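Thanks for coming, everyone. I'll keep this short. Have a look at the model first, and then we'll talk.

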Amino acid sequence: MSATESYEAAIDTLEKSEKAYEFFCRRIQVLLDGNPELDMEGLNCVHSIRFRKKSRASIKDKCERKKEKGIVVNSENCHSEIEDYFGVRLLHLHLDQLPKIHSFLVEQCSKGEFIFGEKPKAYTWDPEFKAILESLDFRVEFKESLYTSVHYILRNSEDSPVRCELQVRTLFEEAWGELDHWMNYPVQTDKMALREQLLVLSRVVTAGSRLAVSIHRLQTERDDDRR
């Protein structure tokens, strides 16, 4: 079987389970969206939630990238190798909300709502943010592109192949991520000026995220003083 035929077989296998994937991811979306347990200082940690299904073209691109690493995706390993077939993206305002979100997810896992398919992973280049993430027991990785995001792989159960990739990021990080995806996915731009500008924007985004944290803390202190 050729690589192309293997990819097609993998996609066909995934699509046979499409309804189960969608049902599970929608359940995660409902669990998170507006849940009062995620309220913090009078504000819900969830600003908004996005839901998406990976297209056939995107899956093929991912299969090609995995092939370059020596992994051939087929009908037998497609569920574990294409863990982001369906995904949910949770957007929040500032980094102080992340521990609350993470704690909620850990609690829901302990209640049996889902299981973690792997240790939660985070991408960052900021040393201060890295320390916060490691204190929460994330597996932290650095990307030269300065990509910043938190990723969870949630599974329905040990016996089910169904997975949901949950990405958690701030609104600032989302803006940067959308531009990066547009410019560099699936093929990275060859324009050095654009790549350099994107790196600069990443630093601006981090500064914005830190300012949002500072604003939140100052406002919280003011509210505490008024009580």
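Let's start with one side chain. Is R26 buried, partly exposed or exposed? R26 is partly exposed, with a relative accessible area of 35%. Keep in mind that this is a predicted model.

Now its partner. R26 forms a salt bridge with E22, and the N to O distance is 3.7 Å. E22 is also partly exposed, at 25% relative accessibility.

Next pair, K66 and E81. Their side chains meet in a salt bridge at 2.9 Å, N to O. This one links distant parts of the chain. K66 belongs to helix α3, residues 56-68, while E81 belongs to helix α4, residues 78-81. The two are 15 residues apart. Buried or exposed? K66 is buried, and E81 is buried too. Recall that R26 came out as partly exposed, and so did E22.

Third pair. E128 and R210 form a salt bridge, with the closest N and O atoms 3.3 Å apart. Again, distant parts of the chain are joined. E128 lies in helix α6, residues 127-135. R210 lies in helix α8, residues 192-226. How accessible is E128? Its relative accessible area is 46%, which means partly exposed, as the cut-off for exposed is over 50%. R210 is partly exposed as well, at 39%.

There is also a network. Salt bridges link E8, D12, E15, R56 and K60. How many salt bridges does the whole structure hold? A search finds 25.

On to charge overall. The protein carries 34 positive and 40 negative side chains. How far apart are the centres of the two sets? They lie 2 Å apart.

Now step back to the fold. The secondary structure comes to eight helices and nine strands. The radius of gyration is 19 Å, close to the 17 Å that the globule rule gives for 227 residues, so the protein is as compact as a globular protein of that length. The C-alpha atoms fill a box of roughly 70 × 50 × 25 Å along the principal axes.

What about the interior? Buried residues account for 44% of the 227. Then contacts. Take those between residues at least 6 apart in sequence: 69% of them join residues at least 24 apart. The accessible surface is about 12,400 Å². Carbon and sulfur atoms own 53% of that surface.

Last item, two backbone details. Which loop holds E41? E41 sits in the loop between β1, residues 39-40, and β2, residues 43-44. Its phi is positive, about 50 degrees, although E41 is not a glycine. D137 has a positive phi too, about 75 degrees, and is not a glycine either. D137 is in the loop between α6 and β7, residues 139-141.

To recap. K66 and E81 pair between helices α3 and α4. Over to you for discussion.

Technical notes. Residues numbered from 1 in each chain as written. Predicted model: local features only at pLDDT ≥ 70, side-chain atom pairs only at ≥ 80, totals over all residues. Heavy atoms only, no water. Salt bridge = Lys/Arg side-chain N within 4 Å of Asp/Glu carboxyl O. Buried < 20%, exposed > 50% of the residue type's maximum accessible area, 1.4 Å probe, protein only. Helix = DSSP H or I, 4+ residues; strand = E, 2+ residues; numbered from the N terminus. Rg over C-alpha atoms; globule rule 2.2 N^0.38 Å. Contact = heavy atoms within 4.5 Å. Areas by Shrake-Rupley, 256 points an atom, 1.4 Å probe, with all protein chains shown as cover. Lys, Arg positive; Asp, Glu negative; His and termini not counted. Charge placed at Lys NZ, Arg CZ, Asp CG, Glu CD.
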